[in-house]
Amino acid sequence: MYIPEHFPAEPKALWSLFHTINQLPRPSRKEDKFREFILKEAETLKLKTHTDEVGNVIVYVPATPGYENHETVIIQNHMDMVTDATPDRNINFAQDPIVTFRDGDWIKADRTTLGADNGIGCAAALALMYDKTVSHPPLELLFTIDEETGLKGAWGVDANFLKGKKMLNLDTEEWGSLYIGCAGGIDYEFKKTVKMVPTKLKGKSYKLTVGGFLGGHSGVDIHEQRGNAIKFLMDWITSMPEGSFELSEWRGGKAHNIIPRDAFALVVLKDSKTAEEVAKKVEARWRSFMPENDRSFFTKVEEVEMITEVVDAQDLKLLQGFLVAFPHGAHAYDLASNKELVSLSNNLAISLMVRGQFYLQSSLRFFDRGECVGLENQVQALAHGFGLEFSKNGEYPSWKPVRENKLLDLVADKYQALFQKKAKVTAIHAGLECGILRDKIGPIDAVSFGPTIMGAHSPQERVHIPSVETFWKLFKEVLKAL
């Protein structure tokens, strides 16, 4: 197995496979090359497989000697990764490999998402096909597709091909935590056709850009109050003197599960100095309350080709009002169990105003479906009040924590025995596939754990090397005990 020089030497199979996985394109809905790799390797090793109608893969790994009569265990991961890059990084995620490097105790990517979410978990599962030193019961390695756009692969899983009643999910990003619950989610889309008119303002055309925010995972990082580039852009535009500009277009956001890092607008300005001065004032105001690690954002005002058509003033005022009023961020916390755990949030994820067509996508996350109703009513009321069409898409259930869980007890005991301290048993304000799969398979014990991954869903994504080694130790010990 090949391991790049900047990768750790151990665990060998895991790191080698993670590198191999990162040579394969795997954006959501484009996991074909990765699936082909899994199936080819399984065939070489003479392992049975099943590929379902939507493209999920199950690899059946026989028990090691002495474990033949033990209960089957499901090991679950998703094949796809979030694809995001800084503006100065030219990459085609549909065909180019992820370029990695080492920075101290971290593996990072060259100005792109790393794909450790969920590539490290996939590598750990695949390593069980090769590493004969790991003792384990019969395994069903389940690799789902399209998790990052709404857990769509999990919805397509055919439970008839799974025998296991215990499941280890390896899609957790906080070493030392055992997750026994996750948030559910709903995506909302808002649309409106607006009137475009010839420009009347005597001036030049410019591109107003805001960028450099940290962004990040819209569930895991939403409570950190990181900057939302779309919100900043609207603040900037709304703060401009009336009659000083006309607007033709804006674009911001990459995906429903990414906090927007960059946004821009195309405008006609009477005077570019006014836009620059307003930007400085808005920047100063934001930096006064932004988290210290997210104050490196920037603004630019650049001249562009002449704009001839702009949004009608009344329609623009309406859209600005809608976006300024639209909620973003954490809305409630789980006070009963963990005051730091967000129980309800909304990510204003994408907004486009292009050729007279306005679009906004937001992602609501919740633990209790009933608690989310009020937030849904709020965004729907805004849509009605501002005359926008809306639709609700991609709802998936939460995984409510169940502490009466024999698998949890086993994993927690093994963690304490290995590391002489207790694991943190909690839930995560992000979507894991466990909730959907438990509904499909029936009552099963499930636990999620993994190494430390920071900056997921952003070009700052990185995986902590020492935590990968300890994660692998725990994984092996748990399998041995099952």
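Predicted model: local features only at pLDDT ≥ 70, side-chain atom pairs only at ≥ 80, totals over all residues.
Ala, Val, Leu, Ile, Met, Phe, Trp, Tyr, Cys and Pro count here as nonpolar, Asp, Glu, Lys and Arg as charged, and the others, Gly among them, as polar.

A search of the whole structure finds 3 cavities of 30 Å³ or more. The largest cavity holds about 170 Å³ of space. Its lining is built from 19 residues. Nearest the centre of the largest cavity lie Glu147, Glu148, His217, Ala430 and Gly431. How does the lining of the largest cavity divide into nonpolar, polar and charged residues? There are 6 nonpolar, 7 polar and 6 charged residues in that lining. By the classes above, Glu147 and Glu148 fall among the charged residues.

Two packed helices are described by the angle between their axes and the distance between the axes. Helix 11 spans residues 465–481, and two of its partners are described here.

Start with helix 3, residues 116–130. The axes of helix 3 and helix 11 come within 12 Å and cross at roughly 45 degrees. Angles under 35 degrees count as roughly parallel, and 65 to 115 as roughly perpendicular. Helix 3 and helix 11 are therefore oblique to each other. The crossing is right-handed. On the helix 3 side, the contact uses Ile120, Ala124, Ala127 and Leu128. Helix 11 answers with Phe471, Trp472, Phe475 and Leu479. This contact has 8 nonpolar residues, no polar ones and no charged ones.

Helix 9, residues 406–419, also packs on helix 11. Here the axes come within 10 Å and cross at roughly 125 degrees. Helix 9 and helix 11 are therefore oblique too. Helix 9 passes helix 11 in a right-handed crossing. Leu410, Val411, Lys414, Tyr415, Leu418 and Phe419 of helix 9 make the contact. They meet Thr470, Lys473, Leu474, Glu477, Val478 and Ala481 of helix 11. By class, this contact has 8 nonpolar, 1 polar and 3 charged residues.

Which hand does the crossing of helix 5 and helix 7 have? That crossing is left-handed. Helix 5 brings Ile230, Lys231, Met234, Ile237 and Thr238 to the contact. Helix 7 brings Gln320, Leu323, Val324 and Ala325. The contact of helix 5 with helix 7 has 6 nonpolar, 2 polar and 1 charged residues.

Finally, the backbone. Most residues other than glycine have a negative phi, and most peptide bonds are trans. The bond from glutamate 10 to proline 11 is cis, with omega near -5 degrees. Proline 11 sits in the segment before helix 1 (12–21). The bond from aspartate 117 to asparagine 118 is also cis, with omega near 5 degrees. Asparagine 118 is found in helix 3, the helix that crosses helix 11 at roughly 45 degrees. Arginine 111 has a positive phi, near 60 degrees. Its place is in the loop between strand 5 (106–109) and helix 3.

Terms used: Residues numbered from 1 in each chain as written. Heavy atoms only, no water. Axes fitted to C-alpha atoms, helices over the stretch in contact; angles between N-to-C directions. Helix = DSSP H or I, 4+ residues; strand = E, 2+ residues; numbered from the N terminus. Parallel < 35°, antiparallel > 145°, perpendicular 65-115°, else oblique. Left-handed = near helix turned anticlockwise from the far one by under 90°. Contact = heavy atoms within 4.5 Å. 1 Å grid on protein atoms, 1.4 Å probe; cavity = no way out; pocket = protein on both sides within 12 Å on 5 of 7 lines; lining within 4 Å. Points joined across faces, edges and corners; volume = space filled by probe spheres on them.
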